[in-house]
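Q: Hi, I have a structure open and would like to talk it through. Could you walk me through the fold, the helix packing and the charged pairs?

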Amino acid sequence: MAAQLSKGQVARWDKRLAETTTNKARATALWDLARLLAGDDDRAWADLVLLLQRWTTERQGRRPGS
C-alpha cells in the first residue's frame, strides 16, 4: 500500500523541494519522494516512474516519445 505522509513529513518535503535550485536537484528530490510514497506498492511505483519520466523529459526540453 502506498504511504501517507504526516503533517511533519509533508512540511519536510515541501522544504526540501523549495530548496532545490536546479531541475536536476528537483528531479532527485521528486524521485526520492516517489519511492517513499509508493512504499511496497509496485503499481503505485510504476505510475510514479512514468509520471516522473515525463516530467524529467519535459524539463530537458524534449517531448515524451521523441
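A: Happy to; below we go over the fold, then the helix packing, then the salt bridges and a few single residues. Keep in mind that this is a predicted model.

Q: Great. What does the secondary structure of the chain come to?
A: The chain has three helices and zero strands. Starting at the N terminus, the order of elements is α-α-α.

Q: And how much of the chain counts as buried?
A: The chain has 66 residues, and 21% of them count as buried.

Q: What share of the contacts comes from residues 24 or more positions apart?
A: Taking the contacts with a separation of 6 or more, 38% are between residues 24 or more positions apart.

Q: Let's do packing. How do α1 and α2 cross?
A: Their axes come within 9 Å and cross at roughly 160 degrees. An angle over 145 degrees counts as roughly antiparallel, and α1 and α2 are therefore roughly antiparallel to each other.

Q: Which residues make that contact?
A: From α1 there are W13, R16, L17 and A18. On the α2 side you'll find R26, T28, A29, L30, D32, L33 and L36.

Q: How do they divide by class?
A: The contact of α1 with α2 has seven nonpolar residues, one polar and three charged.

Q: OK, and α2 with α3, how do those axes cross?
A: The axes of α2 and α3 come within 9 Å, with a crossing angle of roughly 170 degrees. The two helices are therefore roughly antiparallel to each other.

Q: Who is in that contact?
A: α2 brings N23, R26, A27, L30, W31, A34, R35, L37 and A38. α3 brings A44, W45, L48, V49, L52, Q53, W55, T56 and R59. By class, the contact of α2 with α3 comes to 12 nonpolar, three polar and three charged residues.

Q: Staying with α3, which of its residues are buried?
A: Those are A44, V49, L52, W55, T56 and T57.

Q: What do the buried residues of α3 pack against?
A: They pack against α2.

Q: How does the span of α3 work out at 1.5 Å a residue?
A: α3 covers residues 42–59. Its 18 residues should span 26 Å, and the end C-alpha atoms are 25 Å apart, which agrees.

Q: Switching to charges: how many salt bridges does the structure hold?
A: It holds two salt bridges. As background, side chains of opposite charge can pair when their charged atoms come close.

Q: Which residue does R16 pair with?
A: R16 forms a salt bridge with D32, and the closest N and O atoms are 2.6 Å apart.

Q: What does that pair tie together?
A: R16 lies in α1 (residues 7–18) and D32 in α2 (residues 23–38), so the pair ties together parts that are 16 residues apart in sequence. R16 and D32 are also both listed in the contact of α1 with α2.

Q: Why does K15 count as exposed?
A: Exposed means over 50% relative accessible area, and K15 has 53%.

Q: Now a couple of single residues. Where does Q53 lie?
A: Q53 lies in helix α3 and is partly exposed, with a relative accessible area of 42%. Q53 and W31 are 22 residues apart in sequence, while their C-alpha atoms are 9.6 Å apart in space. Both are in the contact of α2 with α3.

Q: Last one: where is the place of G39?
A: G39 is in the loop between α2 and α3, and at 30% relative accessibility it counts as partly exposed. G39 and Q4 are 35 residues apart in sequence, and the distance between their C-alpha atoms is 9.4 Å.

Note on methods
Residues are numbered from 1 along each chain as its sequence is written. This is a predicted model: local features need pLDDT of at least 70, side-chain atom pairs count only at pLDDT 80 or more; totals for chains, interfaces and linings use all residues. Side-chain values use heavy atoms; hydrogens and water are left out. A salt bridge is a side-chain nitrogen of Lys or Arg within 4 Å of a carboxyl oxygen of Asp or Glu. Buried means under 20% relative accessible area, exposed over 50%, partly exposed in between (1.4 Å probe, protein chains only). Helices (H or I, at least four residues) and strands (E, at least two) are DSSP runs, numbered from the N terminus. Axes are lines fitted to C-alpha atoms, for helices over the stretch in contact, and angles run from 0 to 180 degrees between N-to-C directions. Angles under 35 degrees count as roughly parallel, over 145 as roughly antiparallel, 65 to 115 as roughly perpendicular and the rest as oblique. Contact means heavy atoms within 4.5 Å. Ala, Val, Leu, Ile, Met, Phe, Trp, Tyr, Cys and Pro count as nonpolar, Asp, Glu, Lys and Arg as charged, and the others, Gly among them, as polar. The expected span of a helix is 1.5 Å times one less than its number of residues.
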